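Dear colleague,

Please find below the structure that I am handing over to you. My notes on what was found in it follow directly after.

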Amino acid sequence: MTTETLERTRWQISVDQAACTGTGMCVHAAPAFFQLVEGKAQALCASADADGRLLDAALNCPVEAIRLTEAGTGRVIAPEL
Ligand code: SF4
């Protein structure tokens, strides 16, 4: 995915509450997008413009609890298949 494509893409964000172990790694990596509430990560918004920090957070979640899908197409961005 090119930088230009990334900037024009919008992603849906969700966190699997059952899978999240509350490491806080996503909050540290992308504080604009995640917060910890009672030991579980929550997305601060349901969708956002594609963002490298958001992708890093999703790809580095140790339990793959963060799911990013491309708005419109539903294509899975993370976790990697
Ligand atoms: S990185 Fe994954 S396991 Fe850790 S708080 Fe975020 S969603 Fe939960």
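The buried residues of helix 3 are covered by parts of the chain that include strand 1, helix 2 (25-29), strand 2, strand 4, strand 5 and strand 6. Helices (H or I, at least four residues) and strands (E, at least two) are DSSP runs, numbered from the N terminus. A residue is called buried if 20 or more other C-beta atoms lie within 10 Å of its own, exposed if 12 or fewer, and partly exposed in between, with C-beta atoms placed from the backbone. In helix 3, the buried residues are Leu 54, Ala 57 and Ala 58. Seen down the helix axis, these residues fall within an arc of 95 degrees, so they line one face of helix 3. The arc is that of the directions from the helix axis to the C-beta atoms. An α-helix has 3.6 residues a turn, so residues three or four places apart point the same way.

Please note that this is a predicted model, in which local features need pLDDT of at least 70 and side-chain atom pairs count only at pLDDT 80 or more, while totals for chains, interfaces and linings use all residues. Residues are numbered from 1 along each chain as its sequence is written.

Overall form

The protein has three helices and six strands, and along the sequence they follow the pattern α-β-α-β-β-β-α-β-β. The C-alpha atoms fill a box of roughly 35 × 25 × 20 Å, taken along the principal axes. For 81 residues, a compact globule would have a radius of gyration near 12 Å, and the protein agrees with this at 12 Å. That radius is taken over C-alpha atoms, and the globule rule is 2.2 Å times the number of residues to the power 0.38. Buried residues make up 21% of the 81 residues.

Four strands form an open sheet in the order 4-1-5-6, with antiparallel pairing. Two strands are said to pair if DSSP finds at least two bridges between them. At the edges are strand 4 (47-49) and strand 6, each of which pairs on one side only. From one strand to the next, the twist averages 35 degrees. Angles here run from 0 to 180 degrees between N-to-C directions, and axes are lines fitted to C-alpha atoms, for helices over the stretch in contact.

Five bridges join strand 1 to strand 5. In this pairing, Gln 12 has Thr 69 of strand 5 as its bridge partner, and Ser 14 has Arg 67 of strand 5. Strand 1 is also joined to strand 4, by three bridges, and here Trp 11 stands opposite Ala 48 of strand 4.

Helix 3 packs on the sheet and touches strand 1, strand 4, strand 5 and strand 6; its direction makes about 130 degrees with that of strand 5. Two residues are in contact if their C-beta atoms, placed from the backbone, lie within 7 Å.

The core

Which residues of the largest nonpolar core touch the most other members? They are Ala 57 and Ile 66, in a core of 17 residues. Strand 1 (10-15), strand 3 (40-43), helix 3 (52-60) and strand 5 (66-70) each supply at least two residues of this core. Helix 3 gives the largest share, three residues. A nonpolar core is a set of buried Ala, Val, Leu, Ile, Met, Phe, Trp, Tyr and Cys residues joined through C-beta atoms within 7 Å. Not counting residues up to four places away in sequence, Ala 57 touches Cys 26, Ala 29, Ala 30, Phe 33, Phe 34 and Ile 66.

Individual residues

Glu 38 lies in the loop between strand 2 (34-37) and strand 3. Its phi is near 50 degrees, a positive value in a residue other than glycine, and Glu 38 is exposed, with 6 other C-beta atoms within 10 Å.

The loop between helix 3 and strand 5 holds Glu 64, whose phi is also positive, near 50 degrees. Is Glu 64 exposed or partly exposed? Glu 64 is partly exposed, with 14 other C-beta atoms within 10 Å. Pro 62 is found in the loop between helix 3 and strand 5 and counts as exposed, with 10 C-beta neighbours inside 10 Å.

Finally, the peptide bond from Ala 78 to Pro 79 is cis, with omega near 0 degrees. Pro 79 is placed in the segment after strand 6 (76-78).

Yours sincerely
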